[in-house]
Structures are given as structure tokens and as C-alpha cells.
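Me: I would like to learn how to read a sheet and a pocket in a model. Could you take me through them?
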Amino acid sequence: MSGKSISNRKDEFKRQPSSFREIISVDHPVYKPAKGRYWLYVALSCPWAQRTLITRALKGLAPVIGCSVVHWHLDDKGWRFLQAPNGETNERHWFNIAGGIISATASSSTPVAGVDNNAHRLLIDGTNEPHYGYKRLSELYIRAESNYNGRVTVPILWDLKTCTIVNNESSDIIRIMNSSAFDEFVSEQHHQIDLVPLHLEAQIAKFNSWVYDGINNGVYKVGFAKSAEVYESEVTTLFQNLDRLENHLEEKYTKLEAEYGKNNKNKILARFFAIGDTLTEADVRLYPTIIRFDLVYHQHFKCNLGTIRDDYPYIYTWLRSIYWCYGPFQHTTDFNHIKLGYTRSQPRINLLGITPLGPKPDIQPL
Ligand SMILES: N[C@@H](CCC(=O)N[C@@H](CS)C(=O)NCC(=O)O)C(=O)O
């Protein structure tokens, strides 16, 4: 049963549409491609923001588009930045984030559940805002639009030249990064990477569409349901969609086994992707939800009719293959930000803010 068939619609979760939807291109009257002109603001706990970090890394854009990371704790005033001592900023760090610095320090598999919500560990709990010294993400929204009254969300792609938000919709931001707009600033090897190749465009669009509604946003519809009736309906629908994904990946894996032989695991895994036999946008958009599933969605959002690790062997093989073999996925995954971010920031769901220590390990070896 889909959530839409339920009469009590006020109990359903509705995602607010994003408000800034510009693109960057040589033909755009304002937003032309340039090195160092655009800046990404993210939360490492946020799956939508992680898409943009993965794409930025895959496309070699870390030296072109810098990045700041908000503190993992979303409090009643929204996202906040850390303050660097004496206004200190180190550009090199900001450019390298998710190319290593933050995640290398913070994503040790030892959970820091005992840490308090006001922890101020620069480059571990987040970064400062290096351009304007802002304390809150909301200040960027107000700078962009003085009477802005929508939700203050990450990710944001910011223009340092006109001091405004170019785009705050992750699916647009990854398309901007995947376009050839920034090719002149990255190596030849990165021009070749196309996450939406023309021959797979329609398949990727179809896949993204049901995965968004049924899985990416599906977990939120479960977690933010305001009545048992809505919850029960949404959680059933979510697991039907996970079953569909499992069948899709099983079919792909079985075909690869037939082609390369059951024992040729390396060859199989090198071609085991959501759509086609290379990494595409479909993997980039699916991964942030699946990597969070057992850690937070299972217990915190009550998506607990099963776990990925125990009940979905093909999804789990795909997940581990992506995580362990592709740096841009692994290095943008910070298990501490993910666990702390969800469990400490939603008192309606977890009043005492106690962060569960398990499951252990965060992800098993391939
Ligand atoms: N449509 C947006 C959704 C972004 C979004 O919902 N971000 C969440 C974090 S996961 C956020 O910043 N929420 C803060 C709030 O709503 O107050 C996108 O995909 O970029």
C-alpha cells in the first residue's frame, strides 16, 4: 500500500522543494565556470550532501570547488559552523575536505558516542566558514535572499563572486559537476568520467525516479511519519522497494556470473553497478542511503523489517564493493557524523539523544 492511499495525509512527511535552481555554464549570463569561484557547503551526516561530495571527488573538482562542513549537530537554530581560533583559515584544508582531511581524522570505526553536542573539534566535528566568518548556515541564506523563509538545508553551491546561492538541490548540483563546465580546470582523465552517459540516460532516469521516491526519500517518509498508520504503510512500501532493488541487483550479478564464471569475483565486481557496467549517477544517488541504512535508518527511523547486511545479500555486496573499491565513496563517508547527526538532532524521534553504539562494524569487509 502506498502512503498516498492513506486518508490521514497530514501525518505524512512532505519534502520542501528547493528554492535556488540555477546552473553554471559558459552560456549562463552570470554563473560562468571558474576555478575557486564556487563553494560547497555540506553536512557529512546528510545523504543529499554526500552525493555532491562524491561527484566532486569523482570529477576531480576538489581543487576547483572548495568546501565547508557544518557541525554534525543540527540544533534548534539549524546548522552551524565551528569557529577557527583567531580567525585562522587554511585554504588548503578546505579544498581538500573529502579528499581526505576530515574523513581521515574522523571516520575511525571507533564511535564517539560519548562526545557532547557542543564538541568543538575543528576538522573533526566540522569546519569554520572561511569567507565571511559566519556562525550559522542560515546567514548564507539571508545573504542570498534577505527575506528567505524556507528551510535552511545543505547542500548549498555558493557563488563567491555575486555572494549568492547558485543551487541548493543536490540532484542539480551533481548534474552541474558532471557537466563539462569545469573541464578546463581538471585533468584529461577526469573529462572522461561521465556519470550520465547518453546511452544510459533513460535507464538512469527511470531508476533514479523510483529509487528517490521509494528508498532515498522513502526512509524519511518512514522516520518522520506522525502516526502508526502512516508509519506501518510507509515501512511496508520501503521494504517492497528494497526487495525490488535486491531483485534488480541479483539479476545483474547472475548475468555477470554467467558471462565471467562464478569464481571470477574480481571481474564481476568491477562491473557490478546499479545501471550498465560502469559507475553512474544511479550508484552515486543510491549509495548515501544504503550506507546509512543499518546504522541509522534501521533503528532511528524504525526501518527495521530487515537489515541490508543480513537480509539483502546483493545490495550488501554492491555496497561493500563500492565502499571498499572507490575512494570518493569511502572518503566522503563519516560514520561518526552520520550516527551522531541523526541520533542527536531529532529529539522528536530520540528525545534523550542517546546514540546507539551498534551495529558493529559499520561495514564489513568485501
Ligand atoms: N532537496 C534537498 C534536500 C536537502 C535536505 O533536506 N537536507 C537536510 C539534511 S539531510 C537539511 O539540511 N535539513 C535541515 C532542515 O530541514 O532544517 C537536496 O536534495 O538537496
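Here is a short talk about the sheet and then the pocket.

Reply: Gladly! This is a predicted model, where local features need pLDDT of at least 70, side-chain atom pairs count only at pLDDT 80 or more, and totals for chains, interfaces and linings use all residues. Residues are numbered from 1 along each chain as its sequence is written, and side-chain values use heavy atoms, with hydrogens and water left out.

Me: What is the order of the strands in the open sheet?

Reply: In general, strands of a sheet pair through backbone hydrogen bonds, either parallel or antiparallel. Here the 4 strands follow the order S2-S1-S3-S4, with mixed pairing. Strands (E, at least two residues) are DSSP runs, as are helices (H or I, at least four), numbered from the N terminus; two strands pair if DSSP finds at least two bridges between them. Strand S2 (66–69) and strand S4 (164–167) are at the edges with a single partner strand each, so one side of each has no neighbour in the sheet.

Me: How many bridges join strand S1 to strand S3?

Reply: There are 4, between residues 38–42 and residues 156–159, and the two strands run antiparallel. Trp39 stands opposite Trp158 in S3.

Me: And where does the largest pocket lie?

Reply: A pocket is an open set of points on a 1 Å grid over the protein atoms alone, where a 1.4 Å probe fits, with protein on both sides within 12 Å along at least five of seven lines; lining residues have an atom within 4 Å of a point. Domain 1 (38–191) and domain 2 (198–345) both contribute to the lining, so the largest pocket lies between them; these bounds come from an automatic or database domain assignment. Of its 41 lining residues, Arg15, Leu74, Arg151, Thr153 and Phe224 lie nearest the centre.
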